[in-house]
Amino acid sequence: MDYKKERFNSQVPPLGAKGAERNNLYPIFLKAKSLNVLIVGGGNVAEEKLTFLLKSSPDAHVTMVSPMFREGTKTLAEKGCVTLVEDVYKKKYLIGKHMVVATTDKPDVNVQIWKDCRAEAKLVNVADNPPYCDFYMGGIVTKGNVKVAISTNGKSPTTAKRLRQFFEDVIPENVDDLVKNLNEYRKTIKGDFEEKVETLNEFTKGLIQKRES
């Protein structure tokens with residue numbers, strides 16, 4: 001069976017009226033501290049995945065499995081909650097893991113990791129191989145409590161990177177003050193949830209109008 005072709009065909013997004021593709025991914029923000037993440041591989045790509053994961057979630061729980069690790073990876077591991085296991089991939093390393101990222105330079109190993117994860121209903125990402133991904137690790141902008149995630153549907157990581165740089169520049173550093181102030185204001189609003197949301201919507205609409213004027 002051609003697993004790659006089968007996987008790809010099952011994920012081809014529907015075409016719009018003009019034949020344009022649509023991003024059907026559902027964005028969520030995970031509490032990485034409450035999850036166990038496995039990264040298989042110890043090369044440049046593995047280190048890159050670990051770097052961005054820890055940049056976004058310094059409290060993430062990560063296990064990395066590889067026969068060798070780069071010095072940069074070892075340094076990152078010392079700064080976070082990262083366990084390095086010097087070994088080749090074995091299915092046993094999936095036990096207790098919620099998310100898996102495969103980054104080895106052996107396609108057959110990456111496909112086996114995908115198969116094992118699918119059999120155990122675990123989310124998996126095979127680096128640079130969209131048909132074997134349940135999720136993508138896109139560009140992320142963080143300003144205090146504000147976090148913006150960017151996805152190009154796995155088509156262009158470079159575009160996501162450039163958009164991340166753009167939003168890092170245009171989103172003001174003090175946007176977190178707005179979030180905190182609105183949170184305090186929300187506590188003073190009376191009424192049920194819907195009434196509070198309506199009041200906050202009207203209030204923030206005014207702020208936007210002022211910025212546009």
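## A threonine pair in the sheet

In strand 3, T83 is the bridge partner of T63. Strand 2 (residues 61-66) and strand 3 run parallel to each other and share 6 bridges. A word on terms: strands here are DSSP runs of E with at least two residues, helices are runs of H or I with at least four, and both are numbered from the N terminus. Two strands count as paired if DSSP finds at least two bridges between them.

Before going on, keep in mind that this is a predicted model, where local features need pLDDT of at least 70, side-chain atom pairs count only at pLDDT 80 or more, and totals for chains, interfaces and linings use all residues. Residues are numbered from 1 along each chain as its sequence is written, and side-chain values use heavy atoms, with hydrogens and water left out.

## T104 and its neighbours

T104 lies in the loop that runs between strand 4 (99-102) and helix 4 (107-119). Its side chain makes a 2.8 Å polar contact with the side chain of N110, and the T104 side chain also reaches the backbone oxygen of K106 at 3.2 Å. A polar contact is a pair of N or O atoms within 3.5 Å; within protein, one must be able to donate a hydrogen and the other to accept it, and residues adjacent in sequence count only if both atoms are side-chain atoms.

Leaving out residues up to four places away in sequence, T104 touches V40, G41, V109 and N110. Contact here means heavy atoms within 4.5 Å.

## Two aromatic pairs

The structure holds 2 aromatic pairs. In one, the rings of W114 and Y132 have centres 4.7 Å apart and planes at 85 degrees, so the pair is edge-to-face. W114 belongs to helix 4 and Y132 to the loop between strand 5 and strand 6 (139-143), so the pair ties together parts 18 residues apart in sequence. Both W114 and Y132 are buried. The rings of F166 and F167 are edge-to-face too, because their planes are at 70 degrees, with the centres 5.3 Å apart.

For the cut-offs, rings of Phe, Tyr and Trp (its six-membered ring) pair if their centres lie within 6.5 Å; planes under 30 degrees apart are stacked, over 60 edge-to-face, and the rest tilted. Buried means under 20% relative accessible area, exposed over 50%, and partly exposed in between (1.4 Å probe, protein chains only). By that scale F166 is partly exposed at 46%, and F167 is partly exposed at 29%.

## Two positive phi angles

D128 has a phi near 60 degrees, a positive value in a residue other than glycine. D128 lies in the loop between strand 5 and strand 6 and counts as exposed, at 71% relative accessibility.

N153 isn't a glycine either, yet its phi is positive, at about 65 degrees. N153 lies in the loop between strand 7 (146-150) and helix 5 (157-170), and N153 is buried, with a relative accessible area of 17%.

An unreviewed UniProt entry places the feature "domain: Siroheme synthase central" at residues 144-168. UniProt positions follow the numbering used here, feature names are shortened, and annotations may be inferred rather than shown by experiment. Over residues 144-168 the chain is 48% helix and 20% strand, with the end C-alpha atoms 12 Å apart.
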